[in-house]
Amino acid sequence: MEWLSAENVVAVGTAVVGIVASGVMVWYERRVPRRKRIGYRVQMDNPVGDDVRSGRPNRRLGLFEETPGMSDATLVLLRVENDGSQGIDRDDYTGPERHGLTAVFTDRTIRGVSVTQPTDTDHLMDHFTADRGFGYADNTLRIPRVPLNRGDHFKLLVLLSGGDVGRGIRLYGGLRDGEVHPNRSATPDDTPPLFSRAARLISILLTLCVVALATIVVVRDDSPPPIGCARGTLTVTGSTAFAPVVREVARAYAHDCEGAHITVDPHGSTSGIRELAAAGAARKKGSPPVVALSDGPKPAGLDDLRENRVAVSVFALVVHDDVPLRNLSTADVRRLYRGRIANWRQLGGPDLPVVLVSRDANSGTRQVFQRRVLGRGEIANSSVDCVHQDDPTAPVLRCELDSTDQVLATVAATPGAIGYSELNLADRAKGLHPLDLDGDPPSVDAIEHGTSDYPYREIEYAYTYGRPPADSLASSFLTYLTRGNGQDVIRTHGHLPCWTPEGLRLCADESFSP
């Protein structure tokens with residue numbers, strides 16, 4: 001169910017946390033009494049005399065050196081503050097003594113005290129008198145009942161002797177509807193935290209929820225499904241050279257359109273067209289769920305097959321890397337494939353026998369090569385395994401393979417071998433390199449911009465038996481392939497989509513007609 005998606009769950013969870021947290025805070029403010037609080041912090045506790053912990057004597061001048069008993073003296077800065085939600089009056093101190101608070105310095109003796117306060121609280125000094133209980137004895141400091149507005153504070157600089165720094169320091173006293181508690185202090189200028197621990201935890205939790213929701217929204221794929229998605233099954237057959245494009249587009253369509261099951265089963269252009277024609281003839285009514293891809297147009301006589309021009313495909317002649325040639329003339333290529341050149345040294349190459357690695361008769365890549373480059377068919381097959389010459393009378397060794405991948409692998413493994421392939425696959429293969437023809441490189445960009453007369457190219461056709469229904473999977477898939485997201489896949493694989501501005505011109509060019 002879509003309402004149970006991850007982003008919806010996180011969004012609802014965030015809203016619930018926010019509402020509950022707000023309710024708890026309102027309840028706390030209304031139901032929990034507002035408390036008076038006095039906090040204290042030790043902002044400094046340093047040795048004036050010898051540093052007992054390190055065992056090193058300190059260096060002193062003036063009164064610190066001349067005054068007796070300074071060898072074990074320490075200075076403590078104690079900050080006392082109203083960090084509650086209400087002001088504190090003199091009558092809020094509940095102890096029976098005249099003074100309101102008591103500070104105890106464990107194992108140390110007080111030698112003197114100085115009181116400081118911010119400039120905007122000068123009135124506090126009037127309360128630090130002996131009549132109001134201000135004084136000390138041994139390790140105990142008596143602090144008067146000082147009224148403190150919310151946020152007010154004062155500081156006590158205490159000179160001590162007879163003990164080491166770091167010993168316990170405690171402030172206590174009675175406070176009506178309140179408490180005296182220690183605060184944490186890192187530096188003399190440290191201020192109380194702006195938010196309570198509960199507020200910080202709630203803020204962190206809400207922030208994590210919002211970040212999680214934002215991450216899901218950004219990462220998720222909001223692309224709407226293609227218009228006209230269809231369900232059902234479809235078989236795509238035909239060209240092995242164009243098969244990588246079809247496989248990727250089929251996966252993308254199945255991902256975008258639920259309920260579509262597409263099988264890609266390439267056997268070569270001619271074989272695919274025959275399979276489509278047979279499926280249509282066997283079907284009594286309508287168009288079978290089969291699409292055949294072909295490197296070039298269908299054979300004559302198959303009038304029931306309806307064509308869709310998909311892309312301009314560029315092919316390349318490839319040779320083993322031991323043959324350093326980079327360019328051949330069309331005339332030399334024809335001599336090679338008529339068996340008139342048996343050794344590469346006849347073309348200025350190394351002393352290696354020529355091995356022609358071709359495709360079988362069902363291959364559209366072979367038919368394009370014969371039609372666009374050779375102008376005729378190839379010589380007869382003379383080897384089954386592309387290694388041993390079975391016909392000793394043949395001028396060169398020539399073999400036939402079932403797929404483009406087999407041709408590329410065999411050329412790369414056979415010194416002196418030459419074959420042909422779809423350009424993008426040839427560019428990625430190792431152990432071989434493509435050849436220019438008549439000085440023109442095999443380049444989709446050059447052909448697209450009209451700067452090359454490279455001949456080994458052809459339109460890629462998609463055929464159906466008759467016109468499939470508009471709501472059929474075959475019709476929807478062809479639209480996706482030719483005009484939808486499939487165009488990006490076609491371009492990525494090194495082909496030129498027919499439905500781009502330049503592609504429309506090239507795919508409509510009469511020079512591509514058989």
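**View 1. The second largest pocket of the predicted model has a volume of about 280 Å³.** Of its 13 lining residues, Arg306, Asn308, Leu478, Thr482 and Arg483 are the closest to the centre. Strand 13 (305-320) and helix 11 (473-482) are the elements that give two or more residues to this lining. By residue class, the lining divides into three nonpolar, five polar and five charged residues. A pocket is an open set of points, on a 1 Å grid over the protein atoms alone, where a 1.4 Å probe fits, with protein on both sides within 12 Å along at least five of seven lines; lining residues have an atom within 4 Å of a point. The volume is the space filled by probe spheres set on the points, which are joined across faces, edges and corners. Helices (H or I, at least four residues) and strands (E, at least two) are DSSP runs, numbered from the N terminus. Ala, Val, Leu, Ile, Met, Phe, Trp, Tyr, Cys and Pro count as nonpolar, Asp, Glu, Lys and Arg as charged, and the others, Gly among them, as polar.

The model is predicted: local features need pLDDT of at least 70 and side-chain atom pairs count only at pLDDT 80 or more, whereas totals for chains, interfaces and linings use all residues. Residues are numbered from 1 along each chain as its sequence is written, and side-chain values use heavy atoms, with hydrogens and water left out.

**View 2. A salt bridge joins the side chains of Asp92 and Arg176 (3.5 Å, N to O).** The partners are 84 residues apart: Asp92 lies in the loop between strand 2 (74-82) and strand 3 (101-105), and Arg176 in the loop between strand 8 (169-172) and strand 9 (178-182). Asp92 is buried at 9% relative accessible area, while Arg176 is partly exposed at 40%. A salt bridge requires a side-chain nitrogen of Lys or Arg within 4 Å of a carboxyl oxygen of Asp or Glu; the count by this rule is 18. Buried means under 20% relative accessible area, exposed over 50%, and partly exposed in between (1.4 Å probe, protein chains only).

**View 3. Arg372 and Glu458 form a salt bridge, with their closest N and O atoms 3.0 Å apart.** Arg372 belongs to helix 7 (residues 364-374) and Glu458 to strand 20 (residues 457-465), so the contact ties together parts that are 86 residues apart in sequence. Glu458 is buried, with a relative accessible area of 1%.

**View 4. Glu378 and Arg398 form a salt bridge, with 2.9 Å between the closest N and O atoms.** Glu378 is placed in the loop between helix 7 and strand 16 (397-401), and Arg398 in strand 16, 20 residues apart. Both Glu378 and Arg398 are buried. Through shared partners, salt bridges join Arg366, Glu378, Arg398 and Glu400 into one network.

**View 5. Val12, Val16 and Val20 form a nonpolar surface patch with about 260 Å² of accessible area together.** Val12 is located in helix 1 (residues 6-31) and is exposed, at 54% relative accessibility. Patch residues have over 30% relative accessible area and no salt bridge; like charges are joined within 9 Å and nonpolar side chains (Val, Leu, Ile, Met, Phe, Trp, Tyr) within 5 Å. Accessible areas come from the Shrake-Rupley method with a 1.4 Å probe; for residues, only the protein chains shown count as cover.

**View 6. Asp131 lies in the loop between strand 4 (109-116) and strand 5 (135-137).** Asp131 is exposed, with a relative accessible area of 65%.
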